[in-house]
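Morning, everyone. Please have the sequence and the structure open while I talk.

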Amino acid sequence: MSLRSDALEYSKNNYDFYQGILQDFIEIPSISTDPIRKPNMLEAANFIKNILNQFGIQDVQILETKGHPVVFAEKKSAIKEALTVLIYGHYDVQPPDPLDLWKTDPFKPAVRNDRLFGRGASDMKGQIIASLAAYHAINSTGQIPVNFKFIIEGEEEIGSPNLAGFLAKNKDLLKCDVILNPDAGMISPENPTIVYGLRGMTYFELNVYGPDHDLHSGMYGGVIHNPALVLSELITKMHDENWKVTLPGFYDDVIPLSDEEREQLSRLPITEDDLIRQTGAPALWGEKDYNPIERLGARPTLEINGMLSGFIGEGSKTIIPSSAMAKISMRTVPNQDPDKIYQQLKNFIEMNIPQTVKWDLKQFAGGWASISDISHPGVIALTKALENVWGIPPLFKREGGSIPVVASMQRILGKDSVLTGFGLPEDKIHSPNESLHLPTWKKGILSLIHFFYNYAGIE
Ligand code: BES
Ligand code: MN
């Protein structure tokens, strides 16, 4: 039997080795949404496979889906009654755009101060390598105390459109006692965090079409309705004066926050100043009657992710654009059904759009919100593990971001995930200049080593 302290020591002696692997991983531009990057997606899947092989796991499969493949690996403990931990990760990343705002190339990892810069450094290549490093340190110093299974997908950042099907087909392969999902983050470097709630997400593209070509705005201005104007007016109507979403029925299925949970959330050390500092926005905004933590974790929203219409070059050009497009997404909370929201949005557009334009609405993949049981032995093991490293117990938080697999695993595998991660609010995930705070990441590796031993019940 190995000693926990040996594994901890081993990982500390190998931080540079693990960081080197992470840097090589970041160099692969595994952007799931971009068809041109398809070969890089396969390259990233193979990269994981090679690392797992190198780390002593021979049983690694790259399993095809209709989209990007899933990497699955398994390593059994020699201990007969060992529990099984299934570790989830995603090897895909968000597009790096806008490119000109990056201080260094998004796919040439660079260390500045305590941070490693690069797309995916925090979300979530760093978290995958931290998990692999913890496993590796344990495996290199003795016998593994639990059975390890890894499921690393390539479509999380586009809403995991093929993963539910994959889970349903591979239930036996995925049998486990606990799921560890390190794709959530921490509140601050001082406050390790366990996430017990995630918002869901559903995503749309709305196109509005007017004339069949761009028009001279003097020759036709005043007689032809401008699609950019139509789209902006429509979008404006999607919120009321209290910044509630106006789609009829949008809040019908929302479960109200209990007084008890409101009280607990209010104790989290996140201030309005923190949110302003993290974002650089001049002021906060949001739905009336709820405070920022409640709005982020437990209330649904409607966002505009991007808009495109007409002339956006330098200087001026006098046209009525022939079309206008908006990317619209909703963050949902438990019990809200993405299909119902599609209907609500469609009805809203039908009721509010003028007959002077044509339009169409596309829906992209998303996922349901989730709430996890915090009395699970896995949560208890992780609570202790974070305390082992940080010296204080973790905070329990409902997260505003989404990880579609968590609800799918609840529904299909009947299993809750234990959610944590070592990314910070300052990491700029999904934005230019994403980075990973290396000291926190290293503590993350140590706490995962503790987690596996704690969960196995081995001192
Ligand atoms: N890791 C994030 C989710 C997250 C962000 C959790 C911050 C905790 C804190 C994940 O990779 C992500 O970005 N998910 C997408 C899912 C969407 C495309 C369905 C998201 O939330 O936008
Ligand atoms: Mn992400």
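A word on labels before we begin: helices here are DSSP runs of H or I, at least four residues, numbered from the N terminus. With that in hand, take Pro292, which sits in helix α10, residues 292-298. Keep in mind that this is a predicted model.

Is Pro292 buried or exposed? Its relative accessibility is 13%, so Pro292 counts as buried. Setting aside neighbours within four places in sequence, Pro292 contacts Glu272, Leu275 and Leu284. Ile270 lies 22 residues from Pro292 in sequence, and the C-alpha to C-alpha distance is 9.0 Å.

Glu157 and His430 link distant parts of the chain, 273 residues apart. Glu157 is in the loop between β6 (147-153) and α5 (163-169). His430 is in the loop between β17 (417-419) and β18 (435-437).

Glu157 is buried, at 14% relative accessible area. His430 is partly exposed, at 38%.

Stay with the loop between β17 and β18, where we also find Gly421. Gly421 is buried, with a relative accessible area of 0%. What does Gly421 touch, not counting residues up to four places away in sequence? The answer is Gln127, Pro182, Ala184, Gly185 and Met186.

Last stop: a helix pair. Two packed helices are described by the angle between their axes and the distance between those axes. Here the pair is α12, residues 377-390, and α14, residues 438-456. Their axes come within 8 Å and cross at roughly 135°. That makes α12 oblique to α14. The crossing of α12 and α14 is right-handed.

Which residues meet there? From α12, they include Pro377, Gly378, Leu382, Leu386 and Trp390. On the α14 side, among them are Thr440, Leu446, His450, Phe451 and Tyr455.

That's my tour. Questions, please.

Notes. Residues are numbered from 1 along each chain as its sequence is written. Chains are lettered from A and ligands numbered from 1 in the order in which they are written. This is a predicted model: local features need pLDDT of at least 70, side-chain atom pairs count only at pLDDT 80 or more; totals for chains, interfaces and linings use all residues. Side-chain values use heavy atoms; hydrogens and water are left out. Helices (H or I, at least four residues) and strands (E, at least two) are DSSP runs, numbered from the N terminus. Buried means under 20% relative accessible area, exposed over 50%, partly exposed in between (1.4 Å probe, protein chains only). Axes are lines fitted to C-alpha atoms, for helices over the stretch in contact, and angles run from 0 to 180 degrees between N-to-C directions. Angles under 35 degrees count as roughly parallel, over 145 as roughly antiparallel, 65 to 115 as roughly perpendicular and the rest as oblique. A crossing is left-handed if the near helix is turned anticlockwise from the far one by less than a right angle, and right-handed if clockwise. Contact means heavy atoms within 4.5 Å.
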